[in-house]
Amino acid sequence: MATEDARYRQSTQFRLWSFTPSHLATLREKTNTLARTHLANRLRASDPPVDPIPDFLTPAEEYKILNHFTLEMLRAAPYCNLPTDIQATAAVFLRRFYVTNSVMTYPPQELIKTCLFFGCKAEGYFVRVQKLADTFPNTTGEMILAAEYVLCQGIRFAFDVRHPYRGLEGAIMELRRLGDFDNDRINQAHKRARDILKFSPLVTDVYFHYTPSQIMYAALAIADEPLVQRLMRGAFAGQGEQAKEKIWGIIENCKAVLEKEPPEKMATYWVDAESTKAAKMLRRKLTKCRDPDRVDLVALQKARREQAAQKPKGKEDTKPDDKIFGNGVNDERESKRRKVAPIADPFGPPLGA
């Protein structure tokens, strides 16, 4: 039977959406450069031409806007009565999408609604699109569905998202079984770690850099580090200190990232004058440099459908029956001689390859 680590390495989360920090930064810079070039050419070719060309967002500014709309999504999700797993899956979809798509190209205020709806689908949670649309002002079901296929393309049809929540429940059960700590202390650490996991990983890049178990241990270490040390002693018993120290170093790095975005920020962000002022300035700048062809995704989708409907149909290629069904003479021999081409990875090569 394959180990949990081996199964995770076969997942699309590891194969398609795991990057080093430098690789992820390079991908975002490339996305920003391509968007700036495309928009500049598009605006110059418009009638009348746009002059001067607006000041485009930098990769750092795009990242700040992405975090802002991730917070917007997490604030809206409870009003939709969506479970924690779905909120997390939707946030991961949003962050994956904007690795290879720019916020200047596709409007994030529309994508967050589509991500919430598609997160329900991915997690097997049925909700009517109109019910979700009624939660948001000036939103229709058609607006939510307009970006659905674009979202699927952007996340490379990788709908499986592995979260650290179940791992945390398993760790808490093991701590209670060991009996080295009193239940009150374990319960407090459990609650604090779960609060961290429901927020901090979703507004940082840890899902791209660490496994779900590493994220879980990092959150639990923030809540109560001795509990994690006790679990590590049991897990690495007989394996030597070197292996244990290597894993602990990874957990410490993940912990440092999570500590930059504590769950308390969810409440303070919206009342902090400096944060709201910075967000408003970035949103105003985004409004001036958006792709005019993709501002209205519903109209874009309708235009593409009309364009597809107007394409002339090719001539029907009529073939005799024996070419389609076989003539029964040499079919068996030909089928044995026929070679099957190897199947390529249906998800495509790694990003940046």
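**Core**

I looked up the largest nonpolar core first: it has 88 residues, and Leu111 and Leu220 touch the most other members. For my own notes, a nonpolar core is a set of buried Ala, Val, Leu, Ile, Met, Phe, Trp, Tyr and Cys residues joined through side-chain atoms within 4.5 Å. Buried means under 20% relative accessible area, exposed means over 50%, and partly exposed is in between (1.4 Å probe, protein chains only).

Helix α5, residues 84-100, gives the most to this core, with nine residues. Helices here are DSSP runs of H or I, at least four residues long, numbered from the N terminus.

I'm working with a predicted model, where local features need pLDDT of at least 70 and side-chain atom pairs count only at pLDDT 80 or more, while totals for chains, interfaces and linings use all residues. Residues are numbered from 1 along each chain as its sequence is written, and side-chain values use heavy atoms, with hydrogens and water left out.

Which residues is Leu111 in contact with, leaving aside its neighbours within four places in sequence? I found Leu94, Phe97, Tyr98, Tyr106, Ala147, Leu151 and Leu297. Contact means heavy atoms within 4.5 Å.

In soluble globular proteins, nonpolar side chains tend to be buried together.

**Surface patch**

Next I checked the surface, where Tyr149, Phe157 and Phe159 form a nonpolar patch with about 310 Å² of accessible area together. Such a patch takes nonpolar side chains (Val, Leu, Ile, Met, Phe, Trp, Tyr) within 5 Å, from residues with over 30% relative accessible area and no salt bridge. The areas come from the Shrake-Rupley method with a 1.4 Å probe, and for residues only the protein chains shown count as cover. Tyr149 is in helix α9, residues 148-154, and it is exposed at 54% relative accessible area.

**Salt bridges**

How many salt bridges does a search of the whole structure find? I got 20. One needs a side-chain nitrogen of Lys or Arg within 4 Å of a carboxyl oxygen of Asp or Glu.

Glu110 pairs with Lys113, with the closest N and O atoms 3.8 Å apart. Both sit in helix α6 (residues 108-122), three residues apart, about one turn of the helix. Glu110 is buried at 17%, and Lys113 is buried too, at 9%.

I then looked at Lys121 and Glu148, which meet at 2.6 Å, N to O. Lys121 lies in helix α6 and Glu148 in helix α9, so this pair ties together parts 27 residues apart in sequence. Lys121 is partly exposed at 45%, whereas Glu148 is buried at 15%.

Note on methods:
Helix = DSSP H or I, 4+ residues; strand = E, 2+ residues; numbered from the N terminus. Patch = residues over 30% accessible without salt bridge, like charges linked within 9 Å, V, L, I, M, F, W, Y side chains within 5 Å.
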